[in-house]
Amino acid sequence: MLQSICWSYSQVELSVRTDGRTVYLGLGNASQDIYMNITLDRSQIKQLSESLIEALNKAEKEEHDDLCKRILERSAA
C-alpha cells in the first residue's frame, strides 16, 4: 500500500508512545480528516530518527547556502 499525503503547510498532530521496545507514532490532520498510526520497533525508529535528523540538517544547510548566494549576488550587482 502506498500512501502519499502532503502536509507541508498544514498543522499536523503528532503522538508518540512507547511500550517496551515498540514505538507507536500517530500522525493526523484534522482539517483533512486524515489520521494514521505507525508501529515500529527500536531499530526502525532509530533509523527513522537518524534519517529525519540528516534531512533536517541538509535542509538547514541548503537554506543557509541559498541565503549566502543571494547576498553575494546582491553585493556583486
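**View 1. N29 lies in strand β2, a strand being a DSSP run (E, at least two residues), numbered from the N terminus.** The model shown is predicted, so local features need pLDDT of at least 70 and side-chain atom pairs count only at pLDDT 80 or more, while totals for chains, interfaces and linings use all residues. Residues are numbered from 1 along each chain as its sequence is written, and side-chain values use heavy atoms, with hydrogens and water left out.

**View 2. The surroundings of N29.** Is N29 buried or exposed? N29 counts as buried because its relative accessibility is 0%, where buried means under 20% relative accessible area, exposed over 50%, and partly exposed in between (1.4 Å probe, protein chains only). Leaving aside residues up to four places away in sequence, N29 touches W7, S10, Q11, I34 and Y35, a contact being heavy atoms within 4.5 Å. The side chain of N29 also makes a polar contact of 2.6 Å with the side chain of S31, and a polar atom of the N29 side chain lies 3.3 Å from the backbone oxygen of Q11. A polar contact is a pair of N or O atoms within 3.5 Å; within protein, one must be able to donate a hydrogen and the other to accept it, and residues adjacent in sequence count only if both atoms are side-chain atoms.

**View 3. The open sheet of three strands.** The strands are arranged in the order β1-β2-β3 with antiparallel pairing, and two strands pair if DSSP finds at least two bridges between them. Because β1 (13–19) and β3 (34–41) stand at the edges with a single partner strand each, one side of each is left without a neighbour in the sheet. Neighbouring strands are turned by 15° against each other on average, direction ignored; the axes are lines fitted to C-alpha atoms, and angles run from 0 to 180 degrees between N-to-C directions. Strands of a sheet pair through backbone hydrogen bonds, either parallel or antiparallel.

**View 4. The hairpin of β1 and β2.** Seven bridges hold the antiparallel pairing of β1 and β2, and among the opposite residues are D19 with T22 in β2 and S15 with its bridge partner G26. Two residues lie between the strands of this hairpin, in which G20 takes a positive phi near 70°. The charged end of R17 sits over the ring of Y24, 4.2 Å from its centre, which is counted if NZ of Lys or CZ of Arg is within 6 Å of the ring centre and within 35 degrees of the ring normal.

**View 5. The hairpin of β2 and β3.** Strand β2 (residues 22–29) is joined to β3 by eight bridges, and the two run antiparallel; T22 stands opposite D41, and L27 stands opposite M36. Four residues lie between these strands, and D33 lies in the loop there. The phi of D33 is near 55°, a positive value in a residue other than glycine, and D33 counts as exposed because its relative accessibility is 60%.
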